[in-house]
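Trainee: Could you walk me through this one slowly? I would like to learn how to read it piece by piece.

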Amino acid sequence: MGSRRIILSLLVISVLACLGKPTSATKKAYVVYLGSHDHGHPEPNDEHFAKATEYHYELLASVLGSKEKAKESLISSYTKYINGFAANLEKEEAEKLAKHPDVVSVFLSKKKTLQTTHSWKFLGMDKIEAEPKWKTSEGSNLIIGALDTGVWPESESFRDDGMGPIPSKWKGSCDKGIPCNRKLIGAKHFNYGNLAMKADIYNIIEETDQTTARDTEGHGTHTLSIAAGSPVPGTSIFGFGQGTARGTLPNARVAAYKVCWPPVDENTIGCCDIDILAGFDAAIHDGVDIISASIATSFAAGEPQPEYYMDATAIGAFHAVKKGIVVVCSAGNGGPDASTVGNVAPWIITVGASVMDRGFSNYVQLGDNRRFKGQSLATTALPEKKQYPLVNAAKVKLPEADDYDALACKEGTLDPELVKGKIVACVDGYIPRTIKGQVVADAGGVGMIVLNDMPSDCYADLHLHPASHLFENATTIIDYIADSPNPTACISNPETDFGLNPALACFSSRGPNSLTYDVLKPDIIAPGMSILASYSPEGMATELATDKRRLLFNVLSGTSMASPHVAGMVGVIKSAHPDWTPSEIKSALMTTARTRDHLGETLRDQCINNVEADPFGYGAGHVRLVRALDPGLVYPLTMHEYWNFFCSIGYNESQFAKFFKKPFVCPKQSCTLDFNYPAITIPGLSGSVTISRLLKNVGTPGIYNASIIEPWGISVTVAPKTLKFEKVGEKKMFRLTIKAKDGMKPKTFVFGKLKWSDGVHSVRSPISVSLEQATDS
């Protein structure tokens with residue numbers, strides 16, 4: 001999968017540093033994190049913020065030698081809720097700052113990257129809105145902020161028809177040139193980190209489209225409209241997907257925080273840690289209720305993840321959750337490889353991607369009448385049922401071209417004399433599929449079939465020429481071409497198709513969590529494949545430089561699209577239950593999630609046909625908002641539990657006390673296995689272990705009985721087996737004892753499930769267990 005690209009989602013694995021201004025050959029941009037602010041006032045103002053910046057200068061000057069050098073070095077100062085700053089520093093200067101008693105951490109700024117007319121119905125929003133008891137009309141008081149590429153404010157998805165006054169709690173504003181209204185109430189840009197990186201690469205500072213939060217790429221407009229776009233009837237993309245485009249919570253207010261910028265080198269759109277932290281700080285101060293961040297770094301298997309206090313997203317999200325703001329992030333597009341999931345902090349809702357029941361399908365029919373289903377949004381078509389010669393791209397290459405390059409249909413590899421008038425079979429990977437189609441057309445081909453050389457997703461790309469991306473493995477088609485004396489094929493016109501089986505998307509990043517093994521990640525999955533939503537008319541329709549089409553709505557795929565679906569759902573839950581905490585909302589989503597598809601079959605992994613997905617792919621399961629509104633019980637987490645969590649993973653007491661601005665003493669014994677998470681993960685089980693969990697009643701009084709599906713080879717017992725709740729808010733504790741059965745030793749993770757039910761509610765938690773493996777002496 002290393003060469004595969006999630007073309008429409010904009011996410012590419014990246015850990016490039018956002019380097020600082022070239023004031024010195026050895027200086028780079030660092031983030032210096034100091035914990036939380038204590039302004040000494042419940043409503044801090046500009047005077048308090050100025051004092052915070054002044055202290056940052058003083059701290060920096062203590063290392064650099066003068067305030068003048070500090071001012072020259074400082075890139076950005078975080079003055080509201082997040083306490084810290086970004087500065088150009090030499091490695092030795094950064095190391096010296098890290099030893100200061102006020103400093104939590106110092107880390108090199110990194111670049112993260114960016115990871116609907118039907119999905120809202122697929123999620124059951126039409127049924128929820130028909131029930132007055134869920135108070136979805138009160139969503140107009142909620143504000144969803146998005147950290148992304150900004151917003152196209154003129155989009156119909158951000159009309160404010162019928163909306164009342166802006167909530168009085170709102171402190172935000174809009175950049176000059178952004179026509180905000182009662183729907184789009186905030187739009188700011190943060191580009192200090194991006195400009196530092198640009199200065200390093202080009203040795204210049206220039207601002208063009210980087211002076212406002214206006215979206216010139218399309219990604220931010222797309223994700224924000226998925227979360228809370230106003231209804232836009234009659235939406236389609238070139239006639240496909242006809243219907244009403246709208247967000248999950250269409251009456252919510254929205255605010256855009258532009259922290260991701262166009263490429264400054266050969267890589268994709270980048271979101272620097274410096275700018276991400278600034279976006280979080282502003283969103284918290286402005287008064288958002290929910291933050292959606294479709295930003296992640298997908299980690300290669302075995303690649304170490306940064307500690308939570310060295311990760312800008314984890315830091316920003318923690319400060320938000322501390323203020324009661326729910327933070328929803330994408331899991332990343334590094335699947336199907338194991339341990340690629342990003343945004344693993346337990347206070348974040350980490351969302352993977354599913355394939356929903358709608359696609360844009362067409363068919364390839366071979367000359368022997370075999371017919372294969374594919375995906376496409378090609379806007380040109382071949383004559384119906386007309387057969388054309390079918391060739392393997394590697395067999396119609398120019399003499400000097402490499403076989404593998406030709407098979408991938410790279411530019412300059414195909415021989416026009418051999419391609420003219422034929423359909424060409426190309427293998428996916430290396431370059432965007434729309435470019436492959438153009439390469440085939442430029443060589444005289446009439447159409448293209450995209451083949452997967454390994455299990456993968458199929459994408460409905462906006463091809464300029466007839467094309468189909470087949471689900472079928474490449475071998476079937478390649479063998480037909482090789483074995484047939486006269487191989488032919490025809491490609492049908494694409495159509496909107498509601499016959500797909502919901503599944504785990506192949507690209508969705510997988511667990512286990514490589515930073516804290518005991519915390520399951522991702523948490524849940526939501527629709528992320530072929531999502532139709534608003535787009536910026538300044539964004540490119542495809543990767544083709546010659547493609548002059550500009551779109552107001554576009555189809556994109558990725559965990560970037562899944563995350564805002566959940567952000568909108570969080571808003572629906574907050575409308576119905578305004579007193580619920582972020583952890584209670586997260587628990588409600590996880591414990592009511594579904595691990596079966598609409599046919600009642602276990603969710604499948606799209607990467608491997610007919611193989612069941614597992615919790616490392618789907619977390620607790622696929623979101624079910626109808627059930628999440630009434631979960632019965634939740635697993636609550638308070639700041640005290642997070643203190644104990646930090647203790648259990650070995651963080652220094654004085655270090656994380658700066659998070660909370662109050663002293664804390666770690667208990668004599670603490671264990672991550674007892675962290676009150678809605679999922680149970682036991683890595684490296686040796687002998688037996690007993691863990692505890694706490695449940696809180698948020699529904700009607702009832703008696704809940706426990707039932708267990710044991711992981712293979714593992715014994716799981718629960719005590720007590722019955723919990724009686726007599727009132728709302730009542731809490732009860734239970735314990736699980738987990739051990740390997742005699743003579744049975746699974747060598748990999750095995751999975752089971754715990755369920756508490758009162759006959760109306762089912763509160764489910766996945767159980768994941770691996771055994772400690774003995775090593776040869």
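Mentor: Let us begin with C174 and C180, which form a disulfide with their sulfur atoms 2.0 Å apart. Please keep in mind throughout that this is a predicted model.

Trainee: What is the handedness of the link between C174 and C180?

Mentor: The link of C174 and C180 is left-handed, with -105 degrees about the S-S bond.

Trainee: And is C174 buried, partly exposed or exposed?

Mentor: C174 is partly exposed, its relative accessible area being 27%, and C180 also counts as partly exposed, at 27% relative accessibility.

Trainee: How many disulfides turn up in the whole structure?

Mentor: A search of the whole structure finds five disulfides. Another of them joins C260 and C271, whose sulfur atoms are 2.1 Å apart, and the link of C260 and C271 is right-handed, with 110 degrees about the S-S bond.

Trainee: Which parts does the pair of C260 and C271 tie together?

Mentor: C260 lies in strand β11, residues 260-261, and C271 lies in strand β12, residues 270-272, so the pair ties together parts that are 11 residues apart in sequence. Both C260 and C271 are buried.

Trainee: What about C506, which cysteine is it joined to?

Mentor: C506 is joined to C607 by a disulfide, with 1.6 Å from S to S. This pair links distant parts of the chain, 101 residues apart, with C506 in the loop between β25 (503-504) and β26 (524-527) and C607 in the loop between β29 (604-605) and α16 (615-618).

Trainee: Are C506 and C607 buried or exposed?

Mentor: C506 counts as buried, at 0% relative accessibility, and C607 is buried too, with a relative accessible area of 4%.

Trainee: Switching to charges now, how many salt bridges does the structure hold?

Mentor: The structure holds 23 salt bridges. One of them is between the side chains of K410 and D405, at 3.2 Å from N to O. Here K410 counts as partly exposed, at 23% relative accessibility, and D405 counts as partly exposed at 27%.

Trainee: Which partners does R433 have?

Mentor: R433 forms a salt bridge with D428, the closest N and O atoms being 3.2 Å apart, and R433 also forms a salt bridge with D461, where the closest N and O atoms are 2.5 Å apart.

Trainee: Which residues are linked in a network of salt bridges?

Mentor: E156, R159 and D161 are linked in such a network.

Trainee: What does K574 touch, then?

Mentor: Leaving aside residues up to four places away in sequence, K574 touches L142, D289, I290, G324, V326 and I585.

Trainee: Let us move to the strands. What is the strand order in the open sheet of four strands?

Mentor: The order is β2-β3-β1-β4, with antiparallel pairing. β2 (74-78) and β4 (105-108) stand at the edges with a single partner strand each, so one side of each is left without a neighbour in the sheet. From one strand to the next, the twist averages 15 degrees.

Trainee: How many bridges join β1 to β3?

Mentor: Eight bridges join strand β1 (residues 28-36) to strand β3 (residues 82-89), and the two run antiparallel. As a place to look, Y33 stands opposite G84 in β3.

Trainee: Which helices lie across β1, β3 and β4?

Mentor: Helix α3 (residues 91-98) lies across β1, β3 and β4, running at about 155 degrees to β3. Helix α9 (residues 312-322) lies across β1, β3 and β4 too, running at about 25 degrees to β1.

Definitions and conventions
Residues numbered from 1 in each chain as written. Predicted model: local features only at pLDDT ≥ 70, side-chain atom pairs only at ≥ 80, totals over all residues. Heavy atoms only, no water. Pairing = 2+ DSSP bridges. Axes fitted to C-alpha atoms, helices over the stretch in contact; angles between N-to-C directions. Contact = heavy atoms within 4.5 Å. Disulfide = S-S within 2.5 Å. Buried < 20%, exposed > 50% of the residue type's maximum accessible area, 1.4 Å probe, protein only. Salt bridge = Lys/Arg side-chain N within 4 Å of Asp/Glu carboxyl O.
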